[in-house]
Amino acid sequence: MTRSGDDYSPMTTSVQATTTVEYRPVQGPPVKIEVTSEQLHGRACIAGTDHPKPLVPAGHVYTGTAGAPLGWAVVACADGCTPPEEGTDSEH
């Protein structure tokens, strides 16, 4: 929040928070990647590409919890975009 006098106004930013997850693609070995909330909730391509829909199932990611990992179904572009590799930023 920014302060202007006694009024508070929301800050605007294009930075999205990311979470480190274990990505288990439909094919291939599991990898650790960073994902946004949109990717985690299946509303954006797991590879971070900005293609129009349709999106198709692309495996699962697992987030750490106090107990067992929590699984999330993720999606990718139907045109076959390349999934992220370990240690890379998923938004490219």
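## Ground rules

Helices (H or I, at least four residues) and strands (E, at least two) are DSSP runs, numbered from the N terminus. Two strands pair if DSSP finds at least two bridges between them. What you have above is a predicted model, in which local features need pLDDT of at least 70 and side-chain atom pairs count only at pLDDT 80 or more, while totals for chains, interfaces and linings use all residues. Residues are numbered from 1 along each chain as its sequence is written, and side-chain values use heavy atoms, with hydrogens and water left out.

## The sheet

Let's start with the strands. Four of them form an open sheet in the order S4-S3-S5-S6, with antiparallel pairing. Strand S4 (31-36) and S6 stand at the edges with a single partner strand each, so one side of each has no neighbour in the sheet. From one strand to the next, the twist averages 50 degrees, where axes are lines fitted to C-alpha atoms, for helices over the stretch in contact, and angles run from 0 to 180 degrees between N-to-C directions.

## Around strand S5

S5 (residues 55-63) is joined to S3 (residues 18-24) by three bridges, and the two run antiparallel. Here glutamate 22 stands opposite tyrosine 62 in S5. Tyrosine 62 has another contact to look at: the charged end of arginine 24 sits over its ring, 4.0 Å from the centre. For that label, NZ of Lys or CZ of Arg must be within 6 Å of the ring centre and within 35 degrees of the ring normal.

S5 also pairs with S6 (residues 70-77), in the antiparallel sense and over seven bridges. These two strands form a hairpin with six residues between them. Histidine 60 has alanine 73 in S6 as its bridge partner, and proline 57 stands opposite valine 75 in S6.

How far is the sulfur of cysteine 77 from the closest cysteine sulfur? The distance is 3.6 Å, to cysteine 45, which is too far for a bond. A disulfide here is a pair of cysteine sulfur atoms within 2.5 Å, and the count of disulfides comes to zero.

Cysteine 45 is buried at 3% relative accessibility, and cysteine 77 is buried too, with a relative accessible area of 4%. Buried means under 20% relative accessible area, exposed over 50%, and partly exposed in between (1.4 Å probe, protein chains only).
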